[in-house]
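Dear colleague,

Please find the structure below, handed over for your use. My notes on what was found in it come after the structure.

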Amino acid sequence: MCISNIIKSSLRESSSVNSEMCLDKDFILQLNKASSLLIETFRNNGKVLLAGNGGSAADCQHIAAEFMGRLNFDREPLPAISLTANTSNLTCIANDYGYDEIFTRQMKALANESDSLIVYSTSGTSKNILKLIKEARGRLKSIISLTGTHTKDLDRFSDVVLSVKSSKTTRIQEVHAIAGHILCECVEESLF
């Protein structure tokens, strides 16, 4: 396949998945619910913790930066912490307690009952994410999970699951990036 065909095919596929999500009433309802939970978190002086692996780790840092910095206009910063960003924490905890503990241990140190947690798992089966949400349940206000089609394990411990109807990691992550921006936009417009 030539490069221009790869590009066109990827753009068409991305457009198709994005268009399907615009028509997915459940996805829109869950996005609305997640936005409301985050607005309530910030109104009650809570913070947002974020966790994910690989590309999802970058999504966590990106969305935390949107909350703390700005999205569409200048405003007061909102407290958000990406549990993926501190390499000393990650390597210390992984070395001393195991990789499955890298987020859970940080959550235990940082979470308050007025906080919310946003987790990303494109597969819906990441062991460290599942351990995190199981142990976070009851320690903080709400848990929002972003994933692909597999939701069974996340549903048990999440208040909201944003499920992208695709089996392709790239397409799932693209919608997660859009959803993250929408969450920030809803918060920003509602609070400021």
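The notes below take the sheet, the helices, one phenylalanine and the cysteines in turn.

This is a predicted model, in which local features need pLDDT of at least 70 and side-chain atom pairs count only at pLDDT 80 or more, while totals for chains, interfaces and linings use all residues. Residues are numbered from 1 along each chain as its sequence is written, and side-chain values use heavy atoms, with hydrogens and water left out.

The sheet

Helices (H or I, at least four residues) and strands (E, at least two) are DSSP runs, numbered from the N terminus. Two strands are taken to pair if DSSP finds at least two bridges between them. Five strands form an open sheet in the order E2-E1-E3-E4-E5, with parallel pairing. Strand E2 (80-82) and E5 are at the edges with a single partner strand each, so one side of each has no neighbour in the sheet. From one strand to the next, the twist averages 15°; axes here are lines fitted to C-alpha atoms, for helices over the stretch in contact, and angles run from 0 to 180 degrees between N-to-C directions.

E1 and E3 run parallel and are joined by four bridges, and Ala51 stands opposite Val119 in E3. Helix H3 packs on the sheet, where it touches E1, E2 and E3, and its direction makes about 160° with that of E2. Helix H8 also packs on the sheet, touching E3, E4 and E5, at about 140° to the direction of E4. Contact means heavy atoms within 4.5 Å.

Strand E4 (residues 142-147) pairs with E5 in the parallel sense over four bridges, with Ser145 opposite Val161 in E5. In a regular strand the side chains alternate between the two faces of the sheet. In E5 (residues 160-163) both faces are covered: Val160 and Leu162 on one side, and Val161 and Ser163 on the other, are all buried. Buried means under 20% relative accessible area, exposed over 50%, and partly exposed in between (1.4 Å probe, protein chains only).

The helices

H3 (residues 55-68) and H8 (residues 169-191) pack at an angle of about 15°, with axes 10 Å apart. The two helices are therefore roughly parallel to each other (angles under 35 degrees count as roughly parallel, over 145 as roughly antiparallel, 65 to 115 as roughly perpendicular and the rest as oblique). Residues of H3 that meet H8 include Asp59, Ile63 and Phe67, and those of H8 include His176, Gly180 and Cys184.

In helix H6 (residues 127-136), the buried residues are Asn128, Ile129, Leu130, Leu132, Ile133 and Ala136. They pack against strand E1 (48-51), helix H5 (104-110), strand E3 (116-121), E4 and helix H7 (152-155). H6 is followed by Gly138, which has a positive phi near 90°.

Phe42

Phe42 lies in helix H2 (residues 25-43) and counts as buried because its relative accessibility is 8%. Leaving aside residues up to four places away in sequence, Phe42 touches Val48, Phe67, Leu78, Pro79, Val187 and Leu191.

The cysteines

The structure holds zero disulfides, a disulfide being a pair of cysteine sulfur atoms within 2.5 Å. Cys184 is in no disulfide, and the nearest cysteine sulfur, that of Cys186, is 9.4 Å away. With 2% relative accessibility, Cys184 counts as buried, whereas Cys2, at 40%, counts as partly exposed.

Yours sincerely
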